[in-house]
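The following paragraphs guide the reader through one part of a protein model. Please keep the sequence and the structure in view while reading.

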Amino acid sequence: MTGGIRTRGARVLLPLGSLLALSGCATLGLEHPPTATYSLPTVEKPSASRAPAAGDSALTDAQAQAALVTESDLGSPWAAADSIATWRDGLLKATSEVAECQRLLDALYSDQVLGAPARVAVALDDPGTQAQLRYQIGARRPSDVDADLKWLGEMPAKCARFTATTQTGWTEDVQVSDLPLPEVGDKRQGLRLTLTATDPENPDADEQDLTVELAAARVGEDAFALTNGGQGDVPNDATQAAVQIGALRLADVRRQGRAQV
């Protein structure tokens with residue numbers, strides 16, 4: 001499990017408020033995304049996600065921290081997480097005989113969706129649904145991020161349905177499908193995984209279910225990834241909002257950095 005989870009102190013750079021308070025959508029110039037089937041309105045794609053000019057460099061530590069999505073962005077009931085969700089060890093730590101599917105499980109469990117430890121990260125909990133949203137800013141070159149996104153896009157075909165075994169010997173039926181995302185940033189990919197675990201030694205035992213939504217995007221030189229998972233309902237509106245805010249936040253941090261040069 002990667003470290004460096006930071007849950008407090010990221011300043012809000014844009015006056016977005018909570019995108020989950022839909023009554024304010026008209027004032028934000030929101031529109032429905034062309035590729036998403038969900039009802040949550042989304043922020044129009046920012047023009048600031050242009051290719052970076054020559055001489056642009058990696059984000060500073062302060063900029064990366066400022067680009068994080070926080071509980072204040074998502075609004076109630078989201079709050080800073082006190083610990084790692086127990087279902088990560090119980091259900092995500094599993095083995096599959098299919099190499100590509102194992103790579104996907106490992107990336108989710110280790111929080112290395114973009115192929116490397118995060119630059120900075122934050123974990124948020126929704127106590128009502130027992131969901132945990134983990135958001136991270138990546139630290140890889142754009143070409144490497146694009147390769148990661150391409151690989152993720154292949155998962156609904158290569159790992160549409162497979163079996164895995166948990167550390168406790170339970171058998172998991174795992175299904176992977178595309179997750180529509182708002183058209184923000186330069187490239188993006190979303191996945192939805194559903195895992196149903198049963199105990200082969202005890203057919204009468206209650207099955208355990210887990211849903212994980214994964215989203216990753218590149219915004220110019222920068223990239224972010226998030227997972228939103230839980231054994232109950234997973235609030236998709238939080239996934240959509242975090243993608244929107246994350247792309248806008250990264251673009252704004254870059255824009256402010258260029259203005260200060």
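Buried means under 20% relative accessible area, with exposed over 50% and partly exposed in between (1.4 Å probe, protein chains only). In a regular strand the side chains alternate between the two faces of the sheet.

This is a predicted model, in which local features need pLDDT of at least 70 and side-chain atom pairs count only at pLDDT 80 or more, while totals for chains, interfaces and linings use all residues. Residues are numbered from 1 along each chain as its sequence is written, and side-chain values use heavy atoms, leaving out hydrogens and water.

Strand S11 covers residues 222-230; helices (H or I, at least four residues) and strands (E, at least two) are DSSP runs, numbered from the N terminus. Two strands pair if DSSP finds at least two bridges between them. S11 runs antiparallel to S10 (residues 208-219), to which nine bridges join it, and Thr 211 stands opposite Gly 230. In the hairpin of S10 and S11, two residues lie between the strands, and Gly 220 takes a positive phi near 65°. Strand S6 (residues 131-137) is also antiparallel to S11, with six bridges; here Ile 137 stands opposite Phe 224.

Ile 137 is also in contact (heavy atoms within 4.5 Å) with Ala 67. Ala 67 lies in the loop between helix H1 (61-66) and helix H2 (71-74), and counts as buried because its relative accessibility is 0%.

Notes. Lists of a residue's contacts leave out its neighbours within four places in sequence.
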